[in-house]
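Colleague: Hi! I'm new to this one, could you walk me through it?

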Amino acid sequence: MDGSSLSADKGERSVRFEVWAPQADRVTLHCDGSTSALRRDPVREGWWAGDADAVDGSRYGFALDDGPVLPDPRSRRQPEGPDGLSAVVDHARYQWRSPSGPERGLPGAILYELHVGTFTREGTLDAAAERLGHLVELGVTHVELMPVCPFPGKHGWGYEGVSPWAVHEPYGGPEALKRFVDMAHGLGLGVVLDVVHNHLGPSGNHLPAFGPYFTDSHHTPWGAAINLDAAGSDEVRAFLVGSALAWLRDYRIDGLRLDAVHALRDTRAVHFLEELSAAVDTLGEEQGRPLFVVGESDLGDPRLITPRVHGGLGIHAQWSDDLHHSVHTAVTGESQGYYADFAAAPMAALAKTLTRGYFHDGTYSSFRGRHHGRPIDRSHTPAHRLLGYTQTHDQVGNRAQGDRLSAICSPGLLACAAALVLTGPFTPMLFMGEEWAASTPWQFFTDHTDPELADAVRKGRRREFASHGWAEGDIPDPQDPATRERSCLDWSEAASGAHARVLSWYRELIALRRDRADLTDSDLAAVRVAYDEAARWIAYRRGDLRVAVNLSDAPAAVPVGRGTYRVVAAWEPVGLPGEDGLLTVPPESCAVLVGP
C-alpha cells in the first residue's frame, strides 16, 4: 500500500512509516509519545522510512531537522483537525457488508450532488446515510459527495481542504465514510467523490515544509500552483494519483469529480489528467468495476473527454455549464456576466447545446472578450460524457444570497427546467433539494479558526458583490453560524404543497428516463430540435419520444409532427396534437409524448 504511513495489519503493532522530504537532513518520527529517527530510503530519492510500534488510532507526526512536529502529508486521519497530529488507520478493521458498488458506470446514470454538512442539520455522514432511502425512491443512481477532506473548523464547503488522503473529522472520519458507502451500495447506489487537486486551503497546509509541492512557475486564483511539471513533480503527481486511487480502493468509491481541472497547470508531454485517468482505468480493470472520473472545466475543449487512444486525456465525462447557462437564461431571463451570450437568444442556445454539446465551440465569448472553445466530434463523443444540470453548488452558492431557482421561478418553470435535463441527451445531475423545489438557500459559509483569515474572507466576499451593486449588509457573513444553518435542507417541506408536486414530477421524469431507452441514447447527432425564440418554446425528438417545452406565459402551439401520439408525462394536462401536428402546451408547462 503506497503512502507515507502504512496501515497496520490486524493483530500486529509494527507499522512502517514513510515520508517524502527531499530537502530535509533529518526526519524524526513522533508516535504515541515516543520518538525515533527515520532513515533515508536507499532506492527512492528524498524518501525517509522506519518502523515503530503503533495500532489503529495511534497519533504521530514528523519533525524535519528538529523543527515542529507536523502532520503526515499522506495522513489518513486528522482527529484534531488539519494542524493536529495524524492518526494511523487500519483499513482492514472495517467489515464491509455490501459488494463493491453497482455494475452501472456513467452511461444511463443520474447523479445527485450532496453536501454532507447541510444535507441534514446534524451535518454528518451517518445522518446523510439515513436519508439515502429518499434517493432510492427518487430514482437517481449515484450520490456525488462534495469534498470530505479535512478543513479548518467544523463547517464549510470543503474546497479549502488540506489533507487529500483523509476524511473531515466532524463528518465522522474514515469509518463514517465507509459506512456511508456501504449503505449506499447496499441500496444499489453508487458513490462519487468530489476531490480538489488544483489547490489546498490557506490554513493548515503544511505541504511546503516537506517538499516542492507548489511552484511559482504557474499561478492560479488561489496563489502558487500545484507542482505538476517543475523539479520534483514526479512525486507530487504520484501523491495526487495515490490519493485518488485510495478513495476508490480503500473506501470503494465508484467515481471521482475533479474540481476546476483548467487550473491544473501542466506543460509536460503526458498531462497529469492523462496519467490519472490511466491509473483509474487500470484499477477499474483490476477490480472489475466501472470506475470513472468527471472533470469540471471551462475550457470548452473536447480533448478532456476524448479517450487516450484517440489523443485525448481520457477523462470519462465533464460538467456542462453550457447547458446550465442555456437553461438558466431561458427560465429566468438573467443576462449578467457569463450569461450574456446565452441570454441573447436563449432558445437558440438551448438548441445548439442539446445537439452540439458545447455552446461556445469556437464562437466569440463576450464575457471573455475572445473566441472560446472547440467543436465536439459528435461521431466519436457520446452525450453521456457531458453532465447536464440546472443547479449545482457553484451556480447556487456563488450567487450573492445563495438563492435557488425555486426562489425566482414558478413551479411550472422549474418543471420545464427539470424536463430539459432529465429528457435531454446528457447525463443528468441534480443538486440536493432541487427535486422538491427546496425553499432554503445554499449560501457560502466558512468556519475559519484564524481570525485574520476569517475577516479577510468576509470582506472579500462583500467586496466582490459590492462591485455588482449589492449593499454590504445584504451579503451573508460566511463566518456567521446562521449562514450555514439557513443552508440546511428542510426535509419537512418535501411532503406538502407545491414542493410535493415538484418532487412527484422529478420522480415521474426519472422513471421515464429509466424505462425509455430513447432517453439514454448518447448520439448527439440523433437529437432533432425546433424552437421559436419569440414564442419561447422548444421541442426536440429523442427516438420515438417528443418533448415540448413552453416557457412563455401564454399557450403555445408546438409542432411535434403528424401521427398517433400518447402523452406519457405532462406538467399540466394537455390534449393530443391536431391533424396539423401542433400540440397546444399550456403556459409554463411541458409534455412528453410517444409517437411514430
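**A first look around**

Modeller: Happy to! Let's begin with cysteine 31, which is buried, with a relative accessible area of 5%. Keep in mind that this is a predicted model.

Colleague: Let's switch to sheets. What is the order of the open sheet of three strands?

Modeller: The order is E1-E5-E4, and the pairing is antiparallel.

Colleague: Which are the edge strands there?

Modeller: Strand E1 (14–20) and strand E4 (39–40), each of which pairs on one side only. E4 is joined to strand E5, residues 47–53, by two bridges, and these strands run antiparallel. For a spot to look at, arginine 40 has tryptophan 48 in E5 as its bridge partner.

Colleague: What holds paired strands together in general?

Modeller: Strands of a sheet pair through backbone hydrogen bonds, in either a parallel or an antiparallel way.

Colleague: Which way do the residues of strand E9 point?

Modeller: In E9, residues 111–114, Leu111 and Glu113 point one way, while Tyr112 and Leu114 point the other way. All of these are buried. In a regular strand the side chains alternate between the two faces of the sheet.

Colleague: New topic, helices. At what angle do helix H6 and helix H7 pack?

Modeller: About 30 degrees, with the axes of H6 (residues 233–250) and H7 (residues 272–287) 10 Å apart. They are therefore roughly parallel to each other, and H6 passes H7 in a right-handed crossing.

Colleague: Which residues in H6 and H7 meet?

Modeller: On the H6 side they include Leu240, Val241, Ala244 and Leu248, and on the H7 side Phe272, Leu276, Ala279 and Leu283 are among them.

Colleague: And how do helix H8 and helix H10 pack?

Modeller: H8 (residues 321–332) and H10 (residues 346–356) pack at an angle of about 155 degrees, their axes 9 Å apart. That makes H8 roughly antiparallel to H10, and their crossing is left-handed. Among the residues that meet are Leu323, Val327 and Ala330 in H8, with Met347, Leu350 and Leu354 in H10.

Colleague: Last one: where is alanine 166?

Modeller: In the loop between strand E10 (142–145) and helix H4 (173–186). Alanine 166 is buried, with a relative accessible area of 0%.

Colleague: What is alanine 166 in contact with?

Modeller: Leaving aside neighbours within four places in sequence, alanine 166 is in contact with Ser75, Arg76, Arg77, Gln78, Val148, Cys149, Pro150 and Trp247. As for valine 89, 77 residues apart from alanine 166 along the chain, the C-alpha atoms of the two are separated by 9.8 Å.

How values were computed
Residues numbered from 1 in each chain as written. Predicted model: local features only at pLDDT ≥ 70, side-chain atom pairs only at ≥ 80, totals over all residues. Heavy atoms only, no water. Buried < 20%, exposed > 50% of the residue type's maximum accessible area, 1.4 Å probe, protein only. Pairing = 2+ DSSP bridges. Helix = DSSP H or I, 4+ residues; strand = E, 2+ residues; numbered from the N terminus. Axes fitted to C-alpha atoms, helices over the stretch in contact; angles between N-to-C directions. Parallel < 35°, antiparallel > 145°, perpendicular 65-115°, else oblique. Left-handed = near helix turned anticlockwise from the far one by under 90°. Contact = heavy atoms within 4.5 Å.
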